[in-house]
Amino acid sequence: MDFKLFVVGTPIGNLDDITLRAINTLKEVDIILCEDIRNSQKLLKHFEINNKSLISYHNFNERQVAPKIIKLIKEENKKVALISDAGMPCISDPGFCIISLAKKENIFVDVIGGPTALIHAIIKANQSSTFTFLGFLKDKTLQRQNELKNLTFNTYVAYVSPHKLEQTLKDFALVFNNEIDLFLIKEMTKVFETTYEGKPLEILEKLNGNFKGEFTIVFTIKKPASVKVNKYKN
């Protein structure tokens, strides 16, 4: 018998972005693992997905819950889907633990793709087609500053929580002497999607204390322009 764990992408804002395959999968499974059951209930109700067993699965309980779910899949042949509050599980969201266990138990992991904030942001920022994803930047100010100092020449995408955004912009200004161009975006795919571009302190001024919402930041650390020397010049 083939056992499966379904990892399902959900919209990051606009509910119309969900795929038909995601809807059909969620309708077919017995159990849905939810990062926040209340948020997931709104999504499921919208698409008339009813009579499902919803189990809370988040960063603080996944090590305890994951083995129990694997047991349900293998011993009771339950069909299980994993979703996060928005976007793809495992991308700065819960999921890594249960997928690791599933692979060890030879359970096929079926990924049902969907939107992700980092891809949306990198496309709109238009800074580069190659990049490194940092997840959430470090929590502590000094750790975050050191993290930024240790980055090499590249384009980066990171998530920033609203209560850390002000200090994070100040950290960018300090580490890069306010000479780095940032792209900031929130409310992606929604009616009020908002972007900010400019130097760190310029964006801080534009925000004017409005730090509500989950932010994604894109920035490029550029190599210093090389100066060509004319060796024939006297």
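Guide: A salt bridge is here a side-chain nitrogen of Lys or Arg within 4 Å of a carboxyl oxygen of Asp or Glu. By that rule the count comes to 10 salt bridges. The model is a predicted one, in which local features need pLDDT of at least 70 and side-chain atom pairs count only at pLDDT 80 or more, while totals for chains, interfaces and linings use all residues. Residues are numbered from 1 along each chain as its sequence is written, and side-chain values use heavy atoms, with hydrogens and water left out.

One of these pairs is Asp-110 with Arg-21, whose closest N and O atoms are 2.9 Å apart. The pair links distant parts of the chain, for Asp-110 belongs to strand β5 (residues 108–112) and Arg-21 to helix α1 (residues 20–28), 89 residues apart. Helices (H or I, at least four residues) and strands (E, at least two) are DSSP runs, numbered from the N terminus. Asp-110 is buried, at a relative accessible area of 11%, whereas Arg-21 is partly exposed at 43%. Buried denotes under 20% relative accessible area, exposed over 50%, and partly exposed the range in between (1.4 Å probe, protein chains only).

A further salt bridge joins Glu-105 and Lys-74, with 3.2 Å between the closest N and O atoms. Glu-105 lies in the loop between α4 (96–104) and β5, and Lys-74 in helix α3 (residues 62–75), so this pair ties together parts that are 31 residues apart in sequence. Both partners are partly exposed: Glu-105 has a relative accessible area of 35% and Lys-74 one of 33%. Salt bridges that share partners also join Lys-4, Arg-21 and Asp-110 into one network.

Arg-38 pairs with Asp-36, the closest N and O atoms being 3.4 Å apart. Arg-38 counts as exposed, at 60% relative accessibility.

As to helix packing, α7 (residues 162–175) and α8 (residues 200–207) pack at an angle of about 155 degrees, with their axes 8 Å apart. That makes α7 roughly antiparallel to α8, a term for angles over 145 degrees. The axes are lines fitted to C-alpha atoms, for helices over the stretch in contact, and angles run from 0 to 180 degrees between N-to-C directions. Among the residues that meet are Leu-165, Glu-166 and Lys-170 in α7 and Pro-200, Ile-203 and Leu-207 in α8, contact being heavy atoms within 4.5 Å. The residues of this contact divide into 9 nonpolar, no polar and 2 charged.

How values were computed
Parallel < 35°, antiparallel > 145°, perpendicular 65-115°, else oblique. Nonpolar A, V, L, I, M, F, W, Y, C, P; charged D, E, K, R; others polar.
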